Amino acid sequence: TVMFIDIVGFTNLSSYLSPKQLVFLLNLLFSKVDEILDEHGLEKIKTIGDAYMCAGGLPIPNQSNPIDAVRAGLAMQEYMTAYKNECIAKGEPYFECRLGINTGEVVAGVVGTKKFAYDIWGDAVNVASRMESSGLPGRIHISESTRAALGSDYECEPRGSIEVKGLGQINTYFLLSKNDPFLDEVPEI
């Protein structure tokens, strides 16, 4: 399961923040994303400017990766809401994120002979990217394949279909809530 996270309005932010301030904000957000991914067993693939790409089910395959990705997305959504509310209370500027998730087959590895970087490729990556770019700030936009993999444990709102270059129209959904039966297993601290 591939997830893309993108900062909404990053270009606008860059017009009134210094490069140092932008890097500070990116580091703040992406460090929290790293932490959330660790908690949910997802693998950071790379950052691309203000975008972050990660995946579940690799390098070690597992069956829980759609749920892992959705749980991580919900944790990100919770963090971003708290961040936004804190900024509003202080009268500071804030940003929001779009999240896109898709489940499917990918190929992973390293290509080239210079500056080795682990990466993933495939239609699943392209669809996840389209989920993010066609999503809405503060919402988790998922594909039909991810919705199907979640079963009835998560409530989703049909969004309709979107055009995916090379693949045609695909049905998409917004994740609404979690009816997660496994949350009861988490011990209280």
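What follows is a conversation about the terms applied to this model.

Visitor: How do you know how much confidence the predictor places in the protein?

Guide: This is a predicted model, in which local features need pLDDT of at least 70 and side-chain atom pairs count only at pLDDT 80 or more, while totals for chains, interfaces and linings use all residues. Residues are numbered from 1 along each chain as its sequence is written, and side-chain values use heavy atoms, with hydrogens and water left out. Since pLDDT is the predictor's confidence in each residue, from 0 to 100, the answer lies in the average of 87 for the protein, with 93% of the residues scoring at least 70. Over residues 180–189, however, the pLDDT is below 50, and this stretch has seven contacts in the model beyond near neighbours in sequence, a contact being heavy atoms within 4.5 Å.

Visitor: Why does the radius of gyration agree with that of a compact globule?

Guide: The radius is taken over C-alpha atoms, and the globule rule is 2.2 Å times the number of residues to the power 0.38. For 189 residues a compact globule would have a radius near 16 Å, and the protein has 17 Å, so the two agree. The C-alpha trace spans about 50 × 40 × 35 Å along its principal axes.

Visitor: Why is K115 called exposed?

Guide: Exposed means over 50% relative accessible area, buried under 20%, and partly exposed in between, with a 1.4 Å probe and protein chains only. K115 has a relative accessible area of 80%, and is therefore exposed. This residue lies in the loop between β5 (107–110) and β6 (118–121). Of the 189 residues of the protein, 40% count as buried.

Visitor: What makes the backbone at K115 and at the bond from L58 to P59 worth noting?

Guide: Most residues other than glycine have a negative phi, and most peptide bonds are trans. K115, although not a glycine, has a positive phi of about 45°. The peptide bond from L58 to P59 is cis, with omega near 0°, and P59 is found in the loop between β3 and α3 (65–90).

Key. Helices (H or I, at least four residues) and strands (E, at least two) are DSSP runs, numbered from the N terminus.
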